[in-house]
Each structure stands twice: as C-alpha cells, then as structure tokens.
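Me: Could you take a close look at the aromatic rings in this model and walk me through what surrounds them? I would enjoy one connected account.

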Amino acid sequence: MGDFIANFGLGQVPITAYLGVSLIMFFSGVYGFLTRKSLLMILVAVELMLNAVDINFVVFNRFLFPGQFEGFFFALFTIAIAACETAVAIAIIINIYRNTSSVQVGDLDEMKE
Amino acid sequence: MANQIIFYVLATIIATFSILAVTSNKIIRSALYLLFVLLSTAGLYLLLNYPYLFGVQIAVYAGGVMVLFIFAIFLTNKPGDKVEKEQPIRRIVAAITAITGVALCAHIIYYNVTKAFTTFIAEEEKIQNIGHTLMGTEKYQYLLPFEVISILLLACIVGSIMIARKR
C-alpha cells in the first residue's frame, strides 16, 4: 500500500497494475469458459483470454524492452489469429445450428454425417 | 497524474465488464460488455504509446469480430432467450478455480515482478520503424510470420466458406 501511495504521488502507473488488470480479465475468461453452456458464450470467454494475453505482451514490451518490437508484433499477430479463429468458429456454430437448431453444448452429442 | 486517472478508470471498466460479460444472463448483453472490454483495452494501448496497436484493436476487434459475434447471435437466438447455466456445483468449482488462479498469479506478480519497473520511456515509435520491422527479412524483422499469417487468413476464409455453405 505504501508503494502504491508513493507511486501515485510520482504520477506513474506501475507494471504490476497493468498485469493485475490482465489477470482479472484472463481468469474471468476462464470462469466463463467453464460455466457457460452456449457455444457463442464460450467464444466470448476465449476472446477475453486472448485479449488479456495481448495486454501482457504489450506491457512487457513497453516496460522491459522499450525501443524493440517483439511484444508489439506478437500482440499484432495474436489479434490476427484471434480474428481467424473467431471467423472459423462462428462458421462452425452456424453450421451446427443449421443441423441441430441449437447451440448449447449439452445438445451436441452426435456428429452429423 | 492524468494518465494515472485514465488508467484507473480504464482498469475499473475492464475488470467490471469482463466479469459482467461472463456472468450476464442475456447473450446480447454479454457481447456488448465484451465490446466495452475490447474498447478499454484499446485505450490501454494508447496509454502505453502504441497508437498503431490502438487502431488495429479498434478495427479488427471492435469492428470485425464484434460484427461477426452480433450476426451470429442474431442468427442463432430467438428473442428473449435466456442463457442456460451449468449446475450450481460446477459453477462453484469453476469459481474456486478462477479465484485460486487469481490468488496464485497475483502472489507471483506481487512478489516476483521487480518494483523497479514503474516508469517507461514514453517515446512514440515511428510508424516508419514499424513498417521496416514488419517487412524486413533480417534478424528481429518479421516478413516470414507476416506471410504465414496471410496464408492462415486465406485458409481461414476458404475453410469458413466450406463449412458454412449450404449443401
């Protein structure tokens, strides 16, 4: 707490604060992944986790290696891969809905064709 | 001082809405809360002096992915549908897992990440440097991953059309 007050006086945000934010985001994603039953909601939880990882990459790059681009490009490529993954997942979900009229994981107990 | 206030506002928004996004009962609200989280994350990137990443986050996540999500929700849900929940015992187990994870990682971060890193050099990278790094073939340059990502995107487009087309 003392560190926090000292930092607040200095006008700087410590690295631990950024990491704490992404920590809360990641584990709320884990909770959603384990508790939700709709496929779309599971996808929302996965997006939250990927986004938390992006924040971590960027924060480590900015605080520990300023002037380099490693974390920056990892975050950039992670965003691209997340977009790909979402597109394919939503195509699969819509196809499942067309076949079984439901997107709940409990109803998906057989493979069509 | 100003960036501290902005950071804590954004952090509060992210924490609140990411928890709401995974606990909300209505599926469309959950998607909307996810949008708020993604926009606040873009704000964090701007606060860390990465304006290019800010633009990418807004364009790809808030623009592309959220449109896909909302279309998928409209296509697969009847109005007024509630989200089905797991049994309470499983929810409690999941909550215990998440809280244990938060506690463990917070302990590790608090005691092992050195307190020296409270400041960062706030210089803004030139967009020219980003372009050279993205398109160069030397060490620490990223042309090969860039091309691999483009092939992945192509495979993803073809795969989505194959999966979602009508037979």
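**Aromatic rings and their surroundings**

Reply: Happy to. Searching the whole of this predicted model turns up 16 aromatic pairs over all chains. One of them joins Phe26(A) and Phe27(A) in an edge-to-face arrangement, with 5.3 Å from centre to centre and 80° between the planes. That label follows from the angle, because planes over 60 degrees apart count as edge-to-face. As background, a pair of aromatic rings is described by the distance of the centres and the angle of the planes.

Phe27(A), at a relative accessible area of 12%, is buried.

Next, the ring cluster. Ring pairs connect Phe69(A), Phe72(A), Phe73(A) and Phe77(A) with Tyr50(B), Tyr52(B) and Tyr142(B) in a cluster, with members from chain A and chain B. One of these rings, that of Tyr50(B), also has a charge over it: the charged end of Arg62(A) sits there, 4.5 Å from the ring centre.

Now for the helices of chain A. Helix α2 of chain A covers residues 15–35, and helix α3 of chain A covers residues 39–64. Their axes come within 8 Å and cross at roughly 165°. The two helices, α2(A) and α3(A), are therefore roughly antiparallel to each other, since angles over 145 degrees count that way. The crossing of α2(A) and α3(A) is left-handed. Sorted by class, the contact of α2(A) with α3(A) has 19 nonpolar residues and six polar ones, with no charged residues.

Finally, a look at the partner chain, which supplies the tyrosines of the cluster. Chain B has six helices and zero strands, and its elements run α-α-α-α-α-α from the N terminus on. Of its 167 residues, 34% count as buried. Ile27(B) is one residue to look at here: it is found in helix α2 of chain B, residues 27–47, and with 8% relative accessibility it counts as buried. Between Ile27(B) and Thr12(B) there are 15 residues in sequence and 22 Å in space, taken C-alpha to C-alpha.

Terms used:
Residues are numbered from 1 along each chain as its sequence is written. Chains are lettered from A and ligands numbered from 1 in the order in which they are written. This is a predicted model: local features need pLDDT of at least 70, side-chain atom pairs count only at pLDDT 80 or more; totals for chains, interfaces and linings use all residues. Side-chain values use heavy atoms; hydrogens and water are left out. Rings of Phe, Tyr and Trp (its six-membered ring) pair if their centres lie within 6.5 Å; planes under 30 degrees apart count as stacked, over 60 as edge-to-face and the rest as tilted. Buried means under 20% relative accessible area, exposed over 50%, partly exposed in between (1.4 Å probe, protein chains only). A charge sits over a ring if NZ of Lys or CZ of Arg is within 6 Å of the ring centre and within 35 degrees of the ring normal. Axes are lines fitted to C-alpha atoms, for helices over the stretch in contact, and angles run from 0 to 180 degrees between N-to-C directions. Helices (H or I, at least four residues) and strands (E, at least two) are DSSP runs, numbered from the N terminus. Angles under 35 degrees count as roughly parallel, over 145 as roughly antiparallel, 65 to 115 as roughly perpendicular and the rest as oblique. A crossing is left-handed if the near helix is turned anticlockwise from the far one by less than a right angle, and right-handed if clockwise. Ala, Val, Leu, Ile, Met, Phe, Trp, Tyr, Cys and Pro count as nonpolar, Asp, Glu, Lys and Arg as charged, and the others, Gly among them, as polar.
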